[in-house]
Amino acid sequence: MNPLIYYHLKSVFIDSWFFLRGNSLEKSQLPCVPILTYHSIGCSDNSFFPVLPPTVFEEQIRYLSKRFRLITLQTLMSALSSGVVPKESLVLTFDDGYKDNFTVALPILKQYGAVGTLFLTTNCIGTGLPLWTDVFGALFQETTVKSLYWRFGKPETFSWTCSQEKILAFKTIKNLIKTLPEDRKIEVLADIEEQLGSASSFNWSQRMLDWDEVRILHEAGIEIGGHTSSHPILSRISEEQVYRELSDSKNLIENKIQAPVTSLAYPNGTINDYNEEIQRIAEEVGYRSACTTIDGVVTSSSSLFALPRLYTTEPSLSRFAWLLSRNMKKAFQG
Ligand SMILES: [Zn+2]
């Protein structure tokens, strides 16, 4: 057989198999609710700004809207407290507050009658200020320099000769920055900028949402939740700072949209990025639930202030469906 035809048939077979496995789950009714995580929905031709292409996002929403009842986190919390969670519920969440959540995601969500919860980093809303991760991405994207000396903690020189090596250095250094105390980030980014050269050509004004867009999203049924003011890793700042980050951002959003803000997503959200004290403060300032980035599906045994979520940038719908189904089965089997 012609190898090209063979390859095509093989990929069709694999895709169909994944798709059927994904579909088989819909017939069983599982006592669990997946929460999916999205960030920026847009187009990018490099790895320094991870985005999900709009076509992939639309395919996923079309698939999900046929098979699940798409609800907000607030609705899920009300359902949980009443003891009745509609079968096949699923929550879409969007972290950080990217402008394309308004320009690209909202029209797609509307098309399929879908809603979800958007978590805002309030310092970046309507201010033209980017997240530090985006500044870091821009420095790496723009630079023509081929190495960087890391002088914080254990010194190390990173060098690259091709784009794969550059991406690897970018990812490694990004993770190193996340291990440093929050108050060193500005100093570290300044040092990196000095070595790599500035990314002054970037126009950050169109990167994040403004408050008018937030209000339109809210009026369209999208729940607005908190994601702190400045996106710090909460376990690396003082309790007093945690309190301020959680309450200031919550108060600001409530003031701007004139509605209660009850859902939170911890920045970065891994098991090391929040603790019991942070959960207690979140509850004290008036949140009713908080999302992590720990992989999993919400079940009756989930803690309301440590909700697991699922995140994937998988472009194939059949594999996406299979991943979702696999995680739901895992949750069902306990
Ligand atoms: Zn975030």
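**Close-up 1. Arg151 and Asp191 meet in a salt bridge.** Arg151 is partly exposed, with a relative accessible area of 44%. (Relative accessible area under 20% is buried, over 50% exposed, and in between partly exposed; the probe is 1.4 Å and only protein chains are used.) The model is predicted, so local features need pLDDT of at least 70 and side-chain atom pairs count only at pLDDT 80 or more, while totals for chains, interfaces and linings use all residues. Residues are numbered from 1 along each chain as its sequence is written, and side-chain values use heavy atoms, with hydrogens and water left out. The side chains of Arg151 and Asp191 come to 2.9 Å, N to O. (Helices are DSSP runs of H or I with at least four residues, strands are runs of E with at least two, and both are numbered from the N terminus.) Asp191 counts as buried, at 13% relative accessibility.

**Close-up 2. Strand 5 and strand 6 form a hairpin.** (Two strands pair if DSSP finds at least two bridges between them.) Trp150 stands opposite Glu156 of strand 6. Five residues lie between the two strands. In the turn, Gly153 has a positive phi of about 70 degrees.

**Close-up 3. Lys99, Asp210 and Glu213 belong to one salt-bridge network.** Salt bridges with shared partners join the three residues. In one of these, the side chains of Lys99 and Asp210 meet at 3.8 Å, N to O. The pair links distant parts of the chain, 111 residues apart. Lys99 lies in the loop between strand 3 and helix 4 (100–111). Asp210 lies in the loop between helix 7 (185–196) and helix 8 (211–219). Lys99 is buried, with a relative accessible area of 9%. Asp210 is partly exposed, at 26%. The whole structure has 13 salt bridges.

**Close-up 4. Glu187 and Arg184 form a salt bridge.** Their side chains meet at 3.3 Å, N to O. Glu187 is partly exposed, with a relative accessible area of 41%. Arg184 is also partly exposed, at 28%.

**Close-up 5. Asp96, His227 and His231 coordinate the zinc ion.** The donor atoms are OD of Asp96 and NE2 of His227 and His231, at 2.1 to 2.2 Å. (Donors are N, O and S atoms within 2.8 Å of the metal, or 3.2 Å for Na, K and Ca; water is not among the atoms, so sites may look incomplete.) The donor residues are spaced D-x130-H-x3-H in sequence. Asp96 in strand 3 (residues 89–96) and His227 in the loop between strand 7 (223–226) and helix 9 (239–257) are 131 residues apart. Asp96 and His227 are buried.

**Close-up 6. Thr93 lies in strand 3.** Thr93 counts as buried, at 0% relative accessibility. A polar atom of its side chain lies 2.7 Å from the backbone oxygen of Leu36. A polar contact of 2.9 Å joins the side chains of Thr93 and Arg309. (A polar contact is a pair of N or O atoms within 3.5 Å; within protein, one must be able to donate a hydrogen and the other to accept it, and residues adjacent in sequence count only if both atoms are side-chain atoms.)

Technical notes:
Salt bridge = Lys/Arg side-chain N within 4 Å of Asp/Glu carboxyl O.
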